[in-house]
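Here is a friendly briefing to read alongside the picture. Keep the sequence and the 3D view open as you go.

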Amino acid sequence: MLQVDVSKRLGEVVIEASFASEGRVTGLFGASGAGKTSLINMIAGLLRPDRGRISIDGETLDDTAALVHVPVHRRRIGYVFQDLRLFPHLDVRANLDYGRRRNRLADDAVQRKRVTDLLDIGHLLDRRPGRLSGGERQRVALGRALLSQPRLLLLDEPLGSLDEERKDEILPYLVRLRDEAGIPMVYVSHDASEMRQLASRIVMLQRGRVTALGGAEVLPGTPL
Amino acid sequence: MLELSPTEWTAILLSLRVATVATVVTTPLGIAVAWLLARREFWGKALVDALVHLPLVLPPVVTGYLLLLTFGRRGPAGAWLADHLGIVFAFRWTGAALACGIMAFPLLVRPIRLSIEAVDRRLEQAAGTLGAAPWQVFLTVTLPLALPGVLAGMVLGFAKAIGEFGATITFVSNIPGETQTISSAIYSLIQTPEGDSAALRLVVVSILISMAALIASEWFARRALLRLHGN
């Protein structure tokens with residue numbers, strides 16, 4: 001259970017968002033500039049709220065009144081960035097292994113095989129990110145976040161930078177991830193059809209504020 | 001053609017030792033200072049920046065004299081170090097290394113700082129979300145990506161240390177076998193009648209060392225680039 005009740009001023013925009021979400025995939029839906037990325041940056045701990053609380057499964061991550069701010073590396077929240085941010089100096093194997101090593105998790109060959117099979121990246125292990133296609137990079141970024149064994153996975157417009165063909169290539173992996181990985185996700189997108197396919201609960205954001213909460217019916221273009 | 005006398009050999013080996021020790025000892029400090037200047041905002045940052053660059057703009061003889069006042073036998077730091085740790089800098093080769101290290105420091109720090117500034121902070125953030133504490137982010141992401149700059153800084157610092165003259169001779173004098181580096185040996189030889197050919201031999205040696213340092217730095221830089229962007 002993810003609970004967010006924060007406010008943050010970022011230049012002209014003020015983010016005042018409050019929602020709670022349970023379930024496998026929470027969709028953060030809104031136009032660009034609505035504050036979606038800032039909101040998940042606060043959940044990840046990369047951005048500090050001016051005021052408010054963030055908690056996950058009852059554990060407080062941020063509470064400005066009590067001066068609580070768990071640093072990003074202790075949150076165990078995976079983040080797939082829109083611009084991926086694979087480490088260019090490490091090969092795919094070392095990229096995938098990065099989170100496990102930093103979290104001192106036991107080397108789990110079964111888990112690694114499960115994830116590389118799920119994402120079809122087993123044949124890329126010896127390559128550097130510079131030698132991967134856009135779709136391959138996307139899948140490696142997903143695998144890297146998954147293998148750090150997070151308790152929540154943040155996905156920031158994972159299809160945003162891909163053309164239609166690549167989107168169709170990645171979408172099935174995201175569906176498999178949702179159904180098989182067993183990690184709750186927050187999925188950020190401005191695309192209503194992606195939301196319908198992936199998210200079970202929608203948080204609609206407009207200019208920094210939550211304007212609707214609910215199932216797929218709150219998405220624009222839904223027949224009443 | 002290049003037959004060197006024992007004195008000349010001594011000066012060459014001493015120069016190499018002084019420059020190597022100066023570079024190796026100052027590099028960790030240089031990386032720390034470069035990181036502070038590149039990545040942290042703190043009170044007095046402009047002052048630290050100015051202090052780091054000071055040896056570059058001060059006349060070397062001034063730096064050498066300040067070292068003599070501070071680290072000489074009767075200087076506050078020099079007396080304390082000699083009494084408590086048994087470390088003596090004055091008129092020793094270690095003093096030459098100290099002088100060279102300080103003179104080379106700005107040249108060491110600058111490329112490291114620039115290359116740390118060039119490391120994409122978004123990669124450091126990504127490392128954080130994967131569970132890396134700040135020091136781990138530095139060791140596994142920032143430093144490896146800044147490696148070409150670190151090597152460039154080390155080579156520049158080494159070259160500066162090999163050629164340092166003014167601060168060294170002021171601080172630790174020109175004692176054959178102890179503090180007489182290639183530069184101070186050449187200086188002595190030029191002032192000696194019949195010293196010309198020996199001076200020329202040392203000139204050739206210093207050109208060779210400088211060339212070797214430049215080629216080595218080019219090679220390291222290429223290796224580092226391959227590591228970063230290769231397959």
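Leaving out neighbours within four places in sequence, A:Ile40 is in contact with A:Leu28, A:Leu154, A:Asp156, A:Val186 and A:Val188; two residues are in contact if their C-beta atoms, placed from the backbone, lie within 7 Å. The model is predicted, so local features need pLDDT of at least 70 and side-chain atom pairs count only at pLDDT 80 or more, while totals for chains, interfaces and linings use all residues. Residues are numbered from 1 along each chain as its sequence is written, and chains are lettered from A and ligands numbered from 1 in the order in which they are written.

**Around A:Ile40**

- You can find A:Ile40 in helix 1 (residues 36–44) of chain A; helices (H or I, at least four residues) and strands (E, at least two) are DSSP runs, numbered from the N terminus.
- Why does A:Ile40 count as buried? A:Ile40 is buried because 22 other C-beta atoms lie within 10 Å.
- The cut-offs are 20 or more other C-beta atoms within 10 Å of a residue's own for buried, 12 or fewer for exposed, and partly exposed in between, with C-beta atoms placed from the backbone.
- A:Tyr79 is 39 residues from A:Ile40 in sequence, and their C-alpha atoms are 8.9 Å apart in space.

**Chain A as a whole**

- Chain A has six helices and 11 strands.
- Its C-alpha atoms fill a box of roughly 45 × 45 × 30 Å along the principal axes.
- A compact globule of 224 residues would have a radius of gyration near 17 Å, and chain A agrees, with 17 Å; the radius is taken over C-alpha atoms, and the globule rule is 2.2 Å times the number of residues to the power 0.38.
- Of the 224 residues in chain A, 41% count as buried.
- Among contacts in chain A between residues at least 6 apart in sequence, 70% join residues at least 24 apart.

**Helix 2 of chain A**

- In helix 2 (residues 92–102) of chain A, the residues A:Val92, A:Asn95, A:Leu96, A:Tyr98, A:Gly99 and A:Arg100 are buried.
- Helix 4 (134–147) of chain A is included in what covers these buried residues.
- After helix 2 of chain A comes A:Arg104, with a positive phi near 50°.

**Helix packing in chain B**

- Two packed helices are described by the angle between their axes and the distance between the axes.
- Helix 6 and helix 7 of chain B pack at about 140°, with axes 10 Å apart; axes are lines fitted to C-alpha atoms, for helices over the stretch in contact, and angles run from 0 to 180 degrees between N-to-C directions.
- In helix 6 of chain B, B:Leu123, B:Glu124, B:Ala127 and B:Gly128 meet B:Val137, B:Thr140, B:Val141 and B:Thr142 in helix 7 of chain B.
- Helix 2 (residues 45–57) and helix 5 (residues 93–118) of chain B pack at about 120°, with axes 8 Å apart.
- From helix 2 of chain B, B:Val52, B:His53, B:Pro55 and B:Leu56 meet B:Ile102, B:Met103, B:Phe105, B:Pro106 and B:Val109 of helix 5 of chain B.

**Where the chains touch**

- How many residues does each chain bring to the contact? Chain B gives 19 residues and chain A gives 23 residues.
- On the chain B side, helix 6 (121–129), helix 7 (134–163) and helix 10 (196–229) each supply at least two residues.
- Helix 6 of chain B provides the largest share of that side, six residues.
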